[in-house]
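Here are my notes on this structure, written as numbered points for a reader who is new to such models. Please keep the sequence and the 3D view open while reading.

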Amino acid sequence: MRTMVCMASTSQIPYHVEHNERHGQWEARLDADVLGFEKGAIIGYASYDVDDEGVYFTHTVVRNEFGGQGIASAIVKAAFDHVVSEGKRKIVPICSFTADYLDKHPEYKR
């Protein structure tokens, strides 16, 4: 099942963030053809594993062509917001990007 979270882009790149539960990741997808990439292409993602206790964010990636525009932060924010809204599990950052994000946004710690 996929649930979509639309994001207001802070960059000039038109994209949105989707939760792809089947693949265990949050994905940033293009909303238009950009830089030779077709609409709908995945330009970044945050992978996770889950158990009864927590959501373990294991890997965060943004394609080099789209780096430095806040896309990784938008992906992680959407993912963290979702975990908090469910209220059942804690956020466990495994990859360095999600750990740094959590340090800068202590409101997600519980």
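1. A term comes before the findings: a residue is called buried when its relative accessible area is under 20%, exposed when that value is over 50%, and partly exposed in between, with a 1.4 Å probe and only the protein chains taken into account. The areas themselves come from the Shrake-Rupley method with a 1.4 Å probe, and for residues only the protein chains shown count as cover.

2. Please bear in mind that this is a predicted model, in which local features need pLDDT of at least 70 and side-chain atom pairs count only at pLDDT 80 or more, while totals for chains, interfaces and linings use all residues. Residues are numbered from 1 along each chain as its sequence is written, and side-chain values use heavy atoms, with hydrogens and water left out.

3. Which residues have the most contacts inside the largest nonpolar core? They are Tyr15, Ile43, Phe57, Phe66 and Phe80, in a core of 26 residues; such a core is a set of buried Ala, Val, Leu, Ile, Met, Phe, Trp, Tyr and Cys residues joined through side-chain atoms within 4.5 Å. At least two residues of this core are supplied by each of strand E2 (15–20), strand E3 (25–30), E4, E5, helix H1 (71–86) and helix H2 (96–104), and the largest share, eight residues, comes from H1. Helices (H or I, at least four residues) and strands (E, at least two) are DSSP runs, numbered from the N terminus. In soluble globular proteins, nonpolar side chains tend to be buried together.

4. The structure holds five salt bridges, a salt bridge being a side-chain nitrogen of Lys or Arg within 4 Å of a carboxyl oxygen of Asp or Glu. Because Asp81 and Lys77 are four residues apart in helix H1, about one helical turn separates them. Asp81 counts as partly exposed because its relative accessibility is 30%, and Lys77 is likewise partly exposed, at 35%.

5. Glu65 and Arg63 also meet through their side chains in a salt bridge (3.5 Å, N to O). Glu65 has 39% relative accessibility and therefore counts as partly exposed, and Arg63, at 36%, is partly exposed as well. Elsewhere, Glu18, Glu27 and Arg29 are linked in a network of salt bridges.

6. Lys109 lies in the segment after H2 and forms a salt bridge with Asp103 (3.7 Å, N to O). Lys109 is 41 residues from Gly68 in sequence, and their C-alpha atoms are 25 Å apart in space.

7. On the surface, Asp49, Asp51, Asp52 and Glu53 gather in a patch of negative charge. Patches are made of residues with over 30% relative accessible area and no salt bridge, like charges being joined within 9 Å and nonpolar side chains (Val, Leu, Ile, Met, Phe, Trp, Tyr) within 5 Å. Glu53 sits in the loop between strand E4 (42–50) and strand E5 (54–62), and it counts as exposed because its relative accessibility is 56%.

8. Finally, Thr58 belongs to strand E5 and is partly exposed, at 32% relative accessibility. Thr58 and Tyr48 are 10 residues apart along the chain, and their C-alpha atoms are separated by 5.4 Å.

Note on methods
Lys, Arg positive; Asp, Glu negative; His and termini not counted. Charge placed at Lys NZ, Arg CZ, Asp CG, Glu CD.
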